[in-house]
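Thanks for coming, everyone. Please look at the structure on the screen while I talk.

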Amino acid sequence: MNFQNTPFPRNSSQQLQLGTKILELKNDNLKRQLFYEEYRNVVKRGDLLFWLGHVAIALNNKEIIHANSFHMNTTKERFDTAYERMLSHGYKDLTIKRINF
């Protein structure tokens with residue numbers, strides 16, 4: 001797969017290897033509120049959000065777009081809603097990356 005004439009991996013595990021890490025949360029409920037505040041301050045349109053086996057694209061600092069099995073389609077939704085649902089399913093780690101082409 002190519003994006004702007006640049007090879008782009010198909011799988012989220014391979015895509016995670018690209019770009020610059022912007023923010024990361026590793027299974028730490030105590031830091032969750034601080035994480036949300038920092039998220040709103042640093043995330044920009046086009047940043048990629050990774051959790052186990054999944055990737056979403058930031059539309060802005062509040063909304064993401066992603067394909068998900070919960071809605072069975074590609075969905076635009078608030079980041080905090082999607083992330084809380086992921087936490088409830090046991091997906092605790094989240095990495096946000098910015099890819100500059």
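**A short tour of the model**

E77 sits in strand 7, residues 73-78. Is E77 buried or exposed? E77 counts as buried because its relative accessibility is 9%. Buried means under 20% relative accessible area, exposed over 50%, and partly exposed in between, with a 1.4 Å probe and protein chains only.

A word on the source. This is a predicted model, where local features need pLDDT of at least 70, side-chain atom pairs count only at pLDDT 80 or more, and totals for chains, interfaces and linings use all residues. Residues are numbered from 1 along each chain as its sequence is written, and side-chain values use heavy atoms, with hydrogens and water left out.

Now the layout. The protein has 3 helices and 8 strands. Both are DSSP runs numbered from the N terminus: helices are H or I, at least four residues, and strands are E, at least two. Along the sequence, the pattern reads β-β-α-β-α-β-β-β-β-α-β. Of the 101 residues, 35% count as buried.

Next, the core. The largest nonpolar core holds 18 residues. Such a core is a set of buried Ala, Val, Leu, Ile, Met, Phe, Trp, Tyr and Cys residues joined through side-chain atoms within 4.5 Å. Among those with the most contacts inside this core are F35, Y39 and F79. Helix 3 (79-88) is one of the elements giving two or more residues.

What does F79 touch, leaving aside its neighbours within four places in sequence? F79 is in contact with F35, Y36, Y39, L49, K62, E63, I64 and L94. Contact means heavy atoms within 4.5 Å.

Last, the lining of the largest pocket. Which strand gives the largest share? Strand 8 does, with 3 residues. By class, this lining has 6 nonpolar, 7 polar and 6 charged residues. Ala, Val, Leu, Ile, Met, Phe, Trp, Tyr, Cys and Pro count as nonpolar, Asp, Glu, Lys and Arg as charged, and the others, Gly among them, as polar.
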